[in-house]
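This report is meant for someone opening the structure for the first time.

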Amino acid sequence: MNAITQKQTITFDDKVVRQFMWASILWGLVGMLVGVIIAAQLNYHELNLTSWLSFGRLRPLHTNAVIFAFVGNMMFAGIYYSTQRLCKARMASDLLSKIHFWGWQTIIVSAAVTLPLGFTRGQEYAELIWPINIAVALIWVVFAVNFFWTLAKRNEPSLYVALWFYIATIITVAMLYIVNHLSIPTSWTHSYTLFAGVQNALVQWWYGHNAVAFFLTTPILGIMYYFLPKAVDRPVYSYRLSIVHFWSLVFIYIWAGPHHLLNTSLPKWLQMLGMFFSLMLWAPSWGGMLNGLLTLRGAWDKLRTDPVVKFFIAAVTFYGMATFEGPLLSIRAVNALSHYSDWTIGHVHSGALGWNGLMAAGLFYWLTPRLYGTKLHSVPLANLHFWIALFGILLYVAAMWVSGIMQGLMLNSTNAAGTALTYPNFIETLTAIRPMMAFRIIGGSMYLIGMGLMLWNLWMTARSGKAVNETREVTLIDRGSVDTMGIKTTFLADPVTFFFGGLFLFMGWIFLPKGADITALICALIFGFLAVKKFAVAHSTWSNWYERLLENWLPFTLLTFIAVALGGLIQLVPTVMVNRAKNMEDRIQQVYTPLELTGRDLYVSEGCYNCHSQMIRTMLPDVLRYGDYSRLGESIYDHPFQWGSKRTGPDLARVGGKYPNSWHFNHMMDPRSTSVGSNMPSYPHLFTSKFDQKTLPKKIAAMVQLGVPYPIMTDVEIKENAIKQGIAIVENLKVDGLAASPDTQIVAIIAYLQKLGKYDTPEPNEALINRAAVPQLIPGPGNPDKQRPARPVQ
């Protein structure tokens, strides 16, 4: 018998699918429960019961649980199920599948323990400490090896569209995660980010935005392309549209990260680049949405009877809504209103709960009867879940829209002359949105109840049947007919040549000086016209090349990697040179003293960055409210940066010296004593806990290694320096009748807060030579607002 017609009976590994599915549901309940708790804490500060159950520590737990535990496990369940069937092969290694599952759950448990204890890197969606990050990278490699090994041994020649999105997910998430989490450890639970200031901000949101793109979007799109046609028993509406959707999405998405940093001190060309590519995302995103919705052609009647189809179609609709809203929020004028407000929170949740959450529910309702060889326990209960979840997320998002727009308008409102704020007290705006924050609790609770209904329904379904692994007879393919495409055939084809040529000219438009940029743009347009003309003449040749590419997983993966890596390199490399003291023309941040550095680490540990920004935007209302706008050099030594993304409290970029030490002391003990109506939790533990002196020398050494210009100090001098500054603060507190020990955490926090906004201004001649300033490390006694910046020392 010819090898190409040989048959083999295989049994798919559906056990790992079941494991990931149940893990996703359970962790989803945990993550959403924590979400409801922190939503309630924003309205009722009394619910911050202990330091490890405070909003600042629980919020990262909520985001990580929903993203990596709920959606992550759901993604793996969908990928493991569909990949085996699309490849007509069992996963390459049962052992790797087991390591992947148990390793991922161990990572989640580690995060659930460390985050409430205050062990964090202080960056959104990237809070996990460095040992856990290494584990994430290793487990991701295990997953990647198992996946690509399965592709190599597949019995289906061509890669289906769902597999394209899985490939993009695996390679891009690995790249993003590794680069963004580069750190220098100072202990087993603490490290400093390799990047600082504007470079750290750009890398973080290159990662943060594309974590949404390649962890919460591309794998779920792959799941949509496999399971939605299965659910409605129809082929995908347009194969050509899926090609355009995939390649345009993976190329454009990676460029859009800077739109999280609009109106900040980020160089304007990067802001405009991020906005430009964000607006371009409208086309591929809606192309994918329409491809999903139109797959229902001829089967719309199933919306009335099948809860799986209800969930899938609602999810795809939320995808369309979220991907319309995202580019809208990336327009600088709109972003000036929306950024730092609840509008962004509503946008994120419409994606995470509307798109990912409803997609997960549809997936699990479709999978469970097949994984247990039975029927769904209760269709009416599934329909009830759908309506409760849909109403809950709509109520949540609508409340955040109203809250965000209302607070944004109030914060940005000035008198007719533009000389004074209409609402100078930040808490006025907070009080105005409290009813909307209450509606958020209700909406989130309804969604959580729906998840509970699903757990019960699926559990009863599983009990009515028994676990089964599908067995299927497949035709073995001739290994010599696939995966034989060479480098020359891959990269010297017209589609690739025209793409790179057009990209090169487009980059000329961005980077070349005035005059030459227009020439580059004209050349790019001509080049694009020639590409279209060439395609019209030789479209069959292009199609044949692409069909062959789909039979070769390695060249396909390499092209995908290049498409996503180029955008990152072009954005990040220029900031490596910009973010240095010698390149700063205006202001240079003063280096933190050992005590101030300790206070900063405590600030990060308590999660204060979740509510306070440290970036005064180049906008009149921001300047009137908080002071002069922030400069590029004022965060140059911040590892990590603290620009923030949400203002539940005021910006702190220039809070140093604004209030006496006693005000900060009382504010941390009872925020209502200094700011009536505040929803900030109290921090009594800071007044009794001692700060860690033992690791201070290692922290200073790490900072020096990162390029922070500390003078040479012995370990003893570092500790003495910290205590001496603490004694000065304690003596100042005594004047106002307050008592504290110089080695307590509250003293370190006060030292840090009083340093914010302090900078050095180099002289013109110094600016040409060396702008790195060595600060006066021990402030004088008394109120810090009486101090003056030290002169730079060459």
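## Pockets, cavities and a helix pair

The largest pocket has a lining of 38 residues, and W247, S248, P495, F499 and W542 are those that lie nearest its centre. Here a pocket is, on a 1 Å grid over the protein atoms alone, an open set of points with protein on both sides within 12 Å along at least five of seven lines, whereas a cavity is a set of points where a 1.4 Å probe fits but cannot get out; lining residues have an atom within 4 Å of a point. This is a predicted model, in which local features need pLDDT of at least 70 and side-chain atom pairs count only at pLDDT 80 or more, while totals for chains, interfaces and linings use all residues. Residues are numbered from 1 along each chain as its sequence is written, and side-chain values use heavy atoms, with hydrogens and water left out.

The helices named below are DSSP runs (H or I, at least four residues), numbered from the N terminus. At least two residues of the lining of the largest pocket come from each of α8 (239-253), α9 (268-280), α19 (494-511), α20 (516-537), α21 (539-549) and α22 (553-578), and α19 supplies the largest share, nine residues.

For the second largest pocket, the lining comprises 40 residues, with H612, G649, P650, L652 and H667 nearest its centre. Among the elements that give two or more residues to this lining are α1 (15-43), α2 (55-87) and α25 (661-669), and the largest share, four residues, comes from α25.

The table sets out volumes (the space filled by probe spheres set on the points, which are joined across faces, edges and corners).

| Space | Volume |
|---|---|
| Largest pocket | about 1,600 Å³ |
| Second largest pocket | about 830 Å³ |
| Second largest cavity | about 220 Å³ |

A search of the whole structure finds six cavities of 30 Å³ or more. The second largest cavity is lined by 19 residues, of which E634, S635, D638, A653 and G757 lie nearest its centre.

Helix α4 (residues 130-152) packs against helix α5 (residues 161-180) at an angle of about 155°, their axes being 11 Å apart; axes are lines fitted to C-alpha atoms over the stretch in contact, and angles run from 0 to 180 degrees between N-to-C directions. The two helices α4 and α5 are therefore roughly antiparallel to each other, a term used for angles over 145 degrees. Residues making the contact (heavy atoms within 4.5 Å) include W140 and F147 of α4 and Y166 and Y177 of α5.

How values were computed
Parallel < 35°, antiparallel > 145°, perpendicular 65-115°, else oblique.
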